[in-house]
Each structure stands twice: as C-alpha cells, then as structure tokens.
Amino acid sequence: MGTIHLFRKSQRSLLGKLTQEFRLVAADRRTWKILLFGAINVVCTGFLLMWCSSTNSIALTAYTYLTIFDLFSLITCLVSYWVMMKKPSTTYSFGFERFEVLAVFASTVLAQLGALFILKESAERFLEQPEIHTGRLLVGTFVALSFNLFTMLSIRNKPFVYVSEAASTSWLQEHVADLSRSLCGIIPGLSSIFLPRMNPFVLIDLAGALALCITYMLIEINNYFAVDTASAVAIALMTFGTMYPMSVYSGKVLLQTTPPHVIGQLDKLLREVS
C-alpha cells in the first residue's frame with residue numbers, strides 16, 4: 001500500500017490561479033485604465049459589427065477588424081504589466097518576458113488571419129456584387145478611426161512599440177516615407193511627424209479611413225458598389241503587410257534565432273578565433 005498523506009496540499013483550480021494573477025495586475029492603476037478602454041472597445045466593436053450588417057459593406061468589416069486588433073493589443077499591454085510585477089520562479093528562472101513576445105506574435109497572426117478571411121469574402125463578392133447601403137458607412141468609419149487613434153495616443157503599449165520599431169518596415173511605410181521625403185523637401189517642418197517612418201498602426205488607421213471615405217463618395221455619386229470590395233481588398237492587404245514584419249520579428253525571438261545585426265560581428269569573431 002502507498003503512503004497516505006493526511007495533510008496533503010490542495011491544488012488550486014485554474015480559475016483560482018487566474019483570479020490570483022489578476023489581483024496582482026489589478027494593484028496597478030494603469031490596469032483599470034486598460035480595462036476601461038477594453039470595455040469601450042467591446043461596445044464600439046458591437047456597434048460597428050451591427051453597422052457592417054446594415055450597410056452590407058465588407059470594407060467597413062475589414063476596418064472593424066482593426067478595432068478588434070486594438071482589443072488584442074490592450075490584452076498584450078495587460079500581459080506586459082503582469083510580466084513587470086511577476087518575479088522569476090523556479091520554473092521560469094529567467095522571468096516571464098517570453099509571454100510578452102508570445103502575446104505580440106499571437107495578436108499579429110490573428111490580424112493576418114482576419115485579413116485572409118476578408119480577401120476570401122472579397123473574392124466571392126467580385127463574382128456577385130451586392131448592393132451597399134451608405135447610411136452608417138461614414139459614421140462607422142469615423143467612430144472606428146477616432147477610437148483607434150484615441151486608444152493609441154492614450155495608452156503606451158511597450159511590447160508593440162518595441163516590436164514596431166525593431167521590425168523591418170512594411171511596404172506601406174516605405175511608400176509613405178518616399179512621399180514624405182518629397183513633401184518634407186517643400187515643407188521642412190513636417191519632418192518631425194513623417195520621418196524617419198510613421199507609426200505603422202496610425203498609418204494603417206488613416207489609410208483605411210481614407211479608403212472608406214473614397215468608397216462612400218463613389219457609391220453616393222455613381223452607385224459604384226464594386227469599389228467597396230476593392231477597398232476591402234486594399235485594407236486587408238495593408239493589414240497583412242503591416243502585421244507580417246512584426247510576426248516575423250517576434251517569431252524569430254520565440255525561436256531564439258541570432259539577431260541580424262549581430263551576425264556580422266559573430267562571423268568576424270569566429271574568423272579571429274579560428
């Protein structure tokens with residue numbers, strides 16, 4: 001017969017562990033600010049999805065996915081605060097910073113999956129284009145744009161700020177940077193805003209809102225419903241192009257690959273040693 005443990009330590013449930021970790025994060029005032037923005041995000045997303053259904057606009061749906069991505073970024077910010085407060089344990093002796101990278105990687109990959117879904121739906125709409133109702137199209141655009149910009153300007157998301165600066169530039173940033181250099185040559189005062197490169201999240205929000213405004217005008221003037229599908233494809237491609245470099249960078253960190261800027265130094269040292 002095995003040993004009977006009279007005072008065996010009880011195992012806490014998963015819900016109990018999550019509650020304990022949440023209490024740890026809730027001790028920081030910044031957490032409640034993020035939770036408030038998260039609640040507003042859920043309400044905004046609910047209204048936007050209803051307006052997507054009433055307008056039958058897939059371009060507005062693609063833009064709404066950026067608001068859902070903001071919710072993922074707020075969750076990543078909460079994970080970042082939890083990592084700062086959590087002390088290394090015997091299991092995770094080097095700390096919990098890897099969870100930040102995993103949260104960034106998961107958020108960017110989910111955004112790209114959403115973009116692929118929009119591309120698939122758009123391909124079907126090109127074959128049979130439905131009628132688009134513009135009643136709530138412009139309202140939804142400005143609600144989503146205002147909330148996304150307000151969230152990014154109000155909350156500093158350390159993981160995404162670092163990854164967006166460390167990752168390679170997206171094709172959208174490169175094209176805007178070329179235009180910005182020409183513009184800053186005429187108006188030098190704008191160089192502090194547009195150079196060396198714009199924030200990728202602000203850029204995709206502004207570009208998506210511009211695409212929806214063009215969609216609204218063309219439908220109102222010419223009843224050109226196919227432009228809604230074309231705008232959805234453009235927003236999906238911009239989303240994919242913006243998130244892909246961040247996914248690659250965070251994925252390489254998770255795989256513990258050698259950073260590109262160190263490879264040349266390592267080769268030089270290896271030659272000296274040999």
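Student: Which residues form one aromatic cluster with F69?

Tutor: F160 and F201 form that cluster with F69. This is a predicted model, in which local features need pLDDT of at least 70, side-chain atom pairs count only at pLDDT 80 or more, and totals for chains, interfaces and linings use all residues. Residues are numbered from 1 along each chain as its sequence is written, and side-chain values use heavy atoms, leaving out hydrogens and water.

Student: How many aromatic pairs does the structure hold?

Tutor: Eight. Rings of Phe, Tyr and Trp (its six-membered ring) pair if their centres lie within 6.5 Å; planes under 30 degrees apart are stacked, over 60 edge-to-face, and the rest tilted.

Student: What about W82 and F99, why is that pair edge-to-face?

Tutor: Their planes stand at 90°, so the pair is edge-to-face, with ring centres 5.6 Å apart. W82 is in helix 3 (residues 58–85) and F99 in helix 4 (residues 97–127), 17 residues apart. Helices here are DSSP runs (H or I, at least four residues), numbered from the N terminus.

Student: Is W82 buried or exposed?

Tutor: W82 is buried at 15% relative accessibility, while F99 is partly exposed at 31%. Buried means under 20% relative accessible area, exposed over 50%, and partly exposed in between (1.4 Å probe, protein chains only).

Student: Back to F160 and F201. Where do they lie?

Tutor: F160 lies in helix 6 (residues 158–166) and F201 in helix 9 (residues 200–222), so their pair ties together parts 41 residues apart in sequence. F160 is buried at 3%, and F201 is buried at 10%.

Note on methods:
Helix = DSSP H or I, 4+ residues; strand = E, 2+ residues; numbered from the N terminus.
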